[in-house]
Amino acid sequence: MLSRRRFIATLGAAALAGCGRPARERGATTLVFKHGKLFGDPRALRALIDEFERAHPGVAVREETLPASSDEQHQFYAINLQARSEAFDVLAVDIIWVAGFARAGWLRELGALEPGAFFDGPAEAVTWEGKAYALPWFVDAGLLYYRKDLLEKYGLAPPETWHDLVGVAREVAGRVPGMHGFVWQGKQYEGLVCNALEYLHSNGGAVLADGRVVLDSPQNREALALMTDLVHRYRVTPASVTTATEEPSRHLFGQGRALFLRNWPYAWRAFQDPSSRVHGKVGIAELPRFPDGRSAPTLGGWQLAVNAASLHQEESKALVKFLTGEKAQRRLAVAYGFQPARPALYRDAELLATQPFVGRLARVFAAARPRPVTPQYVRVSQVLQSDFSAAISGLRTPQAALAHAQRRIEAILGAD
Ligand code: GLC
């Protein structure tokens with residue numbers, strides 16, 4: 001079945017070779033590089049690509065941008081990679097997709113990783129059956145942003161536990177009219193899974209253990225109940241958060257309307273802009289935990305891979321190597337707040353001079369918790385997205401949501 005599909009796709013690719021791209025690009029090799037929307041000046045990435053082109057005469061690179069949301073990008077890739085499209089060569093892949101894409105035969109194998117060059121989390125995520133199918137581009141982990149000025153004013157410390165956070169948020173929100181306590185990403189999408197797992201994991205809970213689904217546990221019930229209570233009982237989180245992704249929550253905090261924000265490291269750069277209303281007023285801390293647990297930021301991040309159906313395999317591999325190299329990761333960190341996936345850069349004097357907070361993040365990244373690693377991840381996530389969303393929206397109790405998700409995920413993994 002698969003080989004027949006491959007055969008047809010190959011025929012299609014041969015017939016289309018050279019026809020699918022604009023005429024001005026025929027002759028020279030043009031690589032199409034697909035990646036999500038950048039938050040920052042696109043010229044910084046372009047300047048790096050120009051440098052690659054100068055070092056590779058006869059190779060041009062065209063960038064094509066997809067929406068920022070991981071879920072929308074996944075939809076694009078699932079359709080086009082499945083159809084063996086050769087319309088793009090290099091792609092940015094979310095850390096959770098590599099196993100599934102590699103198993104489907106959609107990504108080119110890239111050889112062995114340099115030992116120790118990348119953080120363990122992303123290095124494991126790009127490896128499928130002992131081989132790398134993508135190279136880590138930048139790494140993400142959930143962080144707690146807080147209004148340093150307000151905590152100082154009221155003599156309060158950044159919270160260590162989720163319960164401390166509720167206490168501090170209520171105290172400050174009670175004194176500053178119009179101020180929300182805590183904003184995060186609660187829309188039914190991949191970001192919600194990242195957020196919810198930070199509560200479960202920081203209470204000793206898990207989704208899978210030794211290949212078994214362990215969602216319906218007392219630790220997870222307590223954790224999801226606390227997350228739901230933020231909105232419905234303690235009211236430190238506005239109900240609008242149940243439809244918020246990264247950018248709307250960042251804007252709310254950036255407009256000075258929230259005391260705490262959970263977001264990825266990229267948000268830091270925006271708050272450093274002198275025109276930002278919160279410029280100079282923001283602190284960063286590890287995410288809170290439950291009293292007996294540990295802070296458990298979700299590991300995120302993006303990798304670069306070569307489309308297995310690309311007609312320009314070698315040039316594409318060279319571009320992936322270049323853009324994930326030390327020099328490129330340093331520049332992208334400064335330009336976009338993309339945190340390097342290479343631990344060596346966390347000791348880099350140039351980077352530390354421009355991004356002083358970077359040094360503290362190495363510890364957070366090293367401790368970040370991956371989402372369940374399974375080639376069925378996207379299906380598992382869809383279940384988690386709908387059940388977590390039902391819980392935080394008050395449509396299902398945390399207990400019922402977890403029991404429901406447990407049954408559905410057992411069915412997915414059992415049928416694999
Ligand atoms: C960030 C993370 C990614 C995650 C996504 C969810 O882009 O890097 O891993 O899936 O957010 O919204």
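**Domain contact and salt bridges in the predicted model**

D164 lies in helix 7 (residues 162-175), where helices (H or I, at least four residues) and strands (E, at least two) are DSSP runs numbered from the N terminus. D164 is partly exposed, with a relative accessible area of 36%; in this scheme buried means under 20% relative accessible area, exposed over 50%, and partly exposed in between, with a 1.4 Å probe and protein chains only. The C-alpha atom of D164 is separated by 23 Å from that of A267, and the two residues are 103 residues apart along the chain.

The structure is a predicted model, in which local features need pLDDT of at least 70 and side-chain atom pairs count only at pLDDT 80 or more, while totals for chains, interfaces and linings use all residues. Residues are numbered from 1 along each chain as its sequence is written, and side-chain values use heavy atoms, with hydrogens and water left out.

The domain assignment of the chain gives domain 1 (4-140 + 301-367) and domain 2 (143-296 + 376-414); such bounds come from an automatic or database domain assignment. The centres of domain 1 and domain 2, taken over C-alpha atoms, are separated by 29 Å. The contact takes 19 residues from domain 1 and 15 residues from domain 2, contact meaning heavy atoms within 4.5 Å.

The size of an interface is often given as the accessible area lost when the parts come together. Domain 1 and domain 2 bury about 1500 Å² between them, and 65% of this area is on carbon and sulfur atoms. Buried area is here the accessible area (1.4 Å probe) that two parts lose on being put together, summed over both.

One salt bridge is counted between domain 1 and domain 2. A salt bridge is a side-chain nitrogen of Lys or Arg within 4 Å of a carboxyl oxygen of Asp or Glu. The side chains of R363 and E286 form such a bridge, at 2.7 Å from N to O. Between domain 1 and domain 2 there are also six residue pairs in polar contact, both residues being at pLDDT 80 or more. A polar contact is a pair of N or O atoms within 3.5 Å; within protein, one must be able to donate a hydrogen and the other to accept it, and residues adjacent in sequence count only if both atoms are side-chain atoms.

On the side of domain 1 that touches domain 2, the elements giving two or more residues are helix 3 (70-82), helix 13 (326-336) and helix 15 (358-367). Helix 15 supplies the largest share of this side, five residues. The residues of this side of domain 1 divide into 10 nonpolar, four polar and five charged. Ala, Val, Leu, Ile, Met, Phe, Trp, Tyr, Cys and Pro count as nonpolar, Asp, Glu, Lys and Arg as charged, and the others, Gly among them, as polar.

The structure holds 23 salt bridges. One of them joins the side chains of D41 and R43 at 2.7 Å, N to O; D41 is partly exposed at 37% relative accessibility, whereas R43 is exposed at 62%. The side chains of R221 and D216 meet in a salt bridge at 3.3 Å, N to O. R221 is partly exposed, with a relative accessible area of 27%, and D216 is partly exposed at 31% relative accessibility. A further salt bridge, at 3.4 Å from N to O, links the side chains of R233 and D229. R233 is exposed, with a relative accessible area of 54%, whereas D229 counts as buried at 18% relative accessibility.
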